[in-house]
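Subject: Handing over the structure

Dear colleague,

I am passing on the structure we spoke about, and my notes follow below it. Please read them with the model open beside you.

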Amino acid sequence: MTRTTHTPFPAGCQAHRGALLHFLDDPGNDPEPRDGSLEYAEDGLLILLNGRVLATGPAQELLPRMPEGTPVTHWQTGLILPGFIDTHVHMPQLGVMASYGAQLLDWLETYTFPHEARFRDGDWARAEAQRFTDLLLAHGTTSGLVFCTSHPASVDALFEAAESRGMGLTAGKVMMDRHAPDNLTDTTRGSYDDSLALLQKWHGRGRQRYAITPRFAATSTPEQLTLAGRMAADHPDVMVQTHWAENTSEIQWIRELFPERHSYLDVYDHYGLLGNHTVLAHGIHIDDRDRQRLAETGTRIAFCPTSNTFLGSGLFDFRSAREASVQVGLASDVGGGTSLSMLATMAEAYKVCRLRGQTLTPWQAFYLATLGNARVLHQADQTGSFRPGCHADFVVLDQSASPALNMKQAHSHTLAETLFNLMILGDDRAIATTVVAGEIRYQRPGSHVTPTPQPTHPASTPAQGA
């Protein structure tokens with residue numbers, strides 16, 4: 001963390017005090033994190049200026065450098081981490097969470113497509129986008145990679161909602177010109193034109209970024225995939241997102257639709273949709289050849305444990321992906337997933353790994369949900385840690401938010417135990433506060449963690465344990 005110097009901080013800064021944790025690099029997946037991969041201060045200070053991180057470090061070292069009158073908010077008993085990042089989530093699918101009894105293809109036909117058709121109504125799209133962004137904040141998620149619908153208005157609605165909350169989202173219009181209801185399909189050329197117009201309007205506007213978004217290979221003609229690949233080549237800094245190898249019936253369908261391609265991955269490869277700005281959601285039923293090609297191209301996978309188990313799709317092989325040097329992000333995949341909580345998503349990821357004879361340490365889980373996911377989305381210079389210059393997006397966790405957490409915390413003696421409690425037993429109740437670009441955007445009513453203003457002369461304040 002920031003080393004002590006005698007240089008005073010500038011006027012106009014603000015500070016948040018409490019137990020402070022963030023990652024500087026991948027900690028590995030062993031019981032002990034790799035040296036230098038994280039920074040933790042039991043009594044830390046996070047100093048902000050103009051919505052960005054200025055410095056972090058032990059409170060007793062940094063407080064004397066604060067100008068007199070600087071506001072210092074002390075989150076006693078709270079744990080401060082960078083805001084969570086979700087690498088695959090569907091804004092229009094809130095209403096289909098917890099829909100009973102279907103696997104992927106039936107689930108799309110029965111629940112998802114009818115619900116997404118409602119987003120042709122601009123008022124509905126705006127209301128749902130507001131609801132979605134508010135719920136993300138209530139679950140501690142401050143940025144992510146998001147699917148909208150095939151209606152351009154859904155994209156405008158989401159970006160407008162994110163912009164009004166100071167959030168930085170990456171999102172795109174679904175491209176889907178076949179094998180879907182008429183009220184959801186677009187045209188091949190119209191989809192390209194709409195996507196390009198949205199890209200030009202939103203990509204790089206403030207914190208917003210665009211993502212080229214073919215739903216999955218089955219719902220796009222070869223002509224549409226060709227145009228999506230052309231757009232990706234023309235805009236190499238724009239993300240590409242789609243679905244891949246989630247369900248065995250889906251994979252068989254792709255074989256029938258693209259008999260000339262030797263694999264599902266080869267479909268995307270052929271149309272120029274692989275690369276280090278591409279995130280493929282799921283990637284369950286794959287082989288070493290697929291992993292090798294992912295590593296060669298830098299293509300990333302979004303690990304969606306909750307939806308994979310809820311829809312009965314299968315168990316992602318996390319260890320094999322890591323051993324093949326494939327970059328993996330962690331994702332809620334609402335509405336196939338049943339919670340927007342990245343804490344709940346960590347718990348499901350741990351269970352999937354255990355069923356595979358593998359493990360997921362709390363160090364790796366919290367890394368994935370913060371800096372790891374920021375790296376997947378090419379935004380580690382902006383979010384995911386408390387490095388100076390990053391947006392001041394952070395969450396304050398309540399380690400005693402529920403009766404079970406409160407009981408477990410009394411028997412926890414290490415940071416690893418505290419993190420594991422939070423990832424296995426935590427949910428939205430553990431989110432005491434969510435801050436975006438230095439502004440409090442959510443506070444949980446009745447949280448045990450409440451902000452306490454410090455005296456107006458921080459230099460006179462003795463160090464306190466968090």
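The count of salt bridges comes to 20, where a salt bridge is a side-chain nitrogen of Lys or Arg within 4 Å of a carboxyl oxygen of Asp or Glu. Before going further, please note that this is a predicted model, in which local features need pLDDT of at least 70 and side-chain atom pairs count only at pLDDT 80 or more, while totals for chains, interfaces and linings use all residues. Residues are numbered from 1 along each chain as its sequence is written, and side-chain values use heavy atoms, with hydrogens and water left out.

One of these salt bridges joins the side chains of D26 and R322, with 3.2 Å from N to O. D26 sits in the loop between β1 (14–23) and β2 (38–49) and R322 in helix α11 (residues 318–323), so this pair ties together parts that are 296 residues apart in sequence. Helices (H or I, at least four residues) and strands (E, at least two) are DSSP runs, numbered from the N terminus. D26 counts as buried because its relative accessibility is 16%, and R322 counts as partly exposed because its value is 26%; here buried means under 20% relative accessible area, exposed over 50%, and partly exposed in between, with a 1.4 Å probe and protein chains only.

A salt bridge is also formed by D186 and K173, whose closest N and O atoms are 2.7 Å apart. This pair links distant parts of the chain, with D186 in the loop between β8 (174–175) and α5 (188–202) and K173 in the loop between β7 (168–172) and β8, 13 residues apart. Both partners are buried, D186 at 14% relative accessibility and K173 with a relative accessible area of 0%.

R293 and D269 meet in a salt bridge as well, at 2.6 Å from N to O, and they connect helix α9 (residues 288–297), which holds R293, with helix α8 (residues 264–270), which holds D269, across 24 residues. R293 is partly exposed at 30% relative accessibility, and D269 is partly exposed with a relative accessible area of 23%.

F113, in helix α2 (residues 104–116), is buried with a relative accessible area of 3%. Leaving aside neighbours within four places in sequence, F113 is in contact (heavy atoms within 4.5 Å) with residues including M176, H179, L184 and R215.

As for helix packing, the axes of α5 and helix α6 (residues 222–234) come within 9 Å and cross at roughly 25 degrees, which makes the two helices roughly parallel. Axes are lines fitted to C-alpha atoms, for helices over the stretch in contact, and angles run from 0 to 180 degrees between N-to-C directions; angles under 35 degrees count as roughly parallel, over 145 as roughly antiparallel, 65 to 115 as roughly perpendicular and the rest as oblique. The axes of helix α4 (residues 152–164) and α5 come within 10 Å and cross at roughly 15 degrees, and α4 and α5 are therefore roughly parallel to each other. This contact is made by P152, V155, D156, F159, E160 and E163 of α4 and D194, L198, K201 and W202 of α5.

Finally, some backbone details deserve a look. Most residues other than glycine have a negative phi, and most peptide bonds are trans. A cis peptide bond joins V334 and G335, with omega about 10 degrees, and G335 is found in the loop between β13 (328–330) and α12 (342–355). D333, in the loop between β13 and α12, has a positive phi of about 50 degrees although it is not a glycine, and D333 is buried at 4% relative accessibility. A98 likewise has a positive phi, of about 60 degrees, without being a glycine, and A98 is exposed at 58% relative accessibility.
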